[in-house]
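Me: Could you walk me through this structure, one feature at a time?

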Amino acid sequence: MTGRDNLSKAEITKDALQAGAEAAAQTVGEVASIVTRAVGDVAAAVGGFATEVFEIRDASRRALAEHGDRGGHAEIEADDD
C-alpha cells in the first residue's frame, strides 16, 4: 500500500476544510489588526485636528482681547462644553 491508499476521501476532505478554516482565521485576524490600527490612527488624527481648532479659537480670543474689537471683527463665541 502507498501513502495515498492510507487516506480516505473523508480524511482528505477534512484536511482540506481544516486548512481552509485555518487560512480564513489567519486572514480575519490580519484584517482585524489592520482595521484596529486604522481606527486608532483616524481617532488620533481627528483628536489632533480638534486640538488645533481649540488652539486657533483661543489664539483668536487672545488677539481680540489684546487689540480690542476694532469693528468688522466678529467676536468668537463657542460653548466651553
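**A surface patch and its helix**

Reply: Val31, Val35 and Val39 make a nonpolar surface patch of about 250 Å², where a patch takes residues with over 30% relative accessible area and no salt bridge, joining like charges within 9 Å and nonpolar side chains (Val, Leu, Ile, Met, Phe, Trp, Tyr) within 5 Å, with areas from the Shrake-Rupley method and a 1.4 Å probe, only the protein chains shown counting as cover for residues. This is a predicted model, in which local features need pLDDT of at least 70, side-chain atom pairs count only at pLDDT 80 or more, and totals for chains, interfaces and linings use all residues. Residues are numbered from 1 along each chain as its sequence is written, and side-chain values use heavy atoms, leaving out hydrogens and water.

Me: Which helix does valine 31 lie in?
Reply: Valine 31 lies in helix H2, residues 9-67, helices being DSSP runs of H or I with at least four residues, numbered from the N terminus.

Me: How far does H2 reach?
Reply: With 59 residues, H2 reaches 86 Å from its first C-alpha to its last, close to the 87 Å expected at 1.5 Å a residue, that span being 1.5 Å times one less than the number of residues.

Me: New topic: how many salt bridges are there?
Reply: The count comes to 2 salt bridges, each a side-chain nitrogen of Lys or Arg within 4 Å of a carboxyl oxygen of Asp or Glu. One of them joins arginine 57 to aspartate 58, with the closest N and O atoms 3.7 Å apart.

Me: Is arginine 57 buried or exposed?
Reply: Arginine 57 is buried, because its relative accessible area is 15%, and buried means under 20%, exposed over 50% and partly exposed in between (1.4 Å probe, protein chains only).

Note on methods. Helix = DSSP H or I, 4+ residues; strand = E, 2+ residues; numbered from the N terminus.
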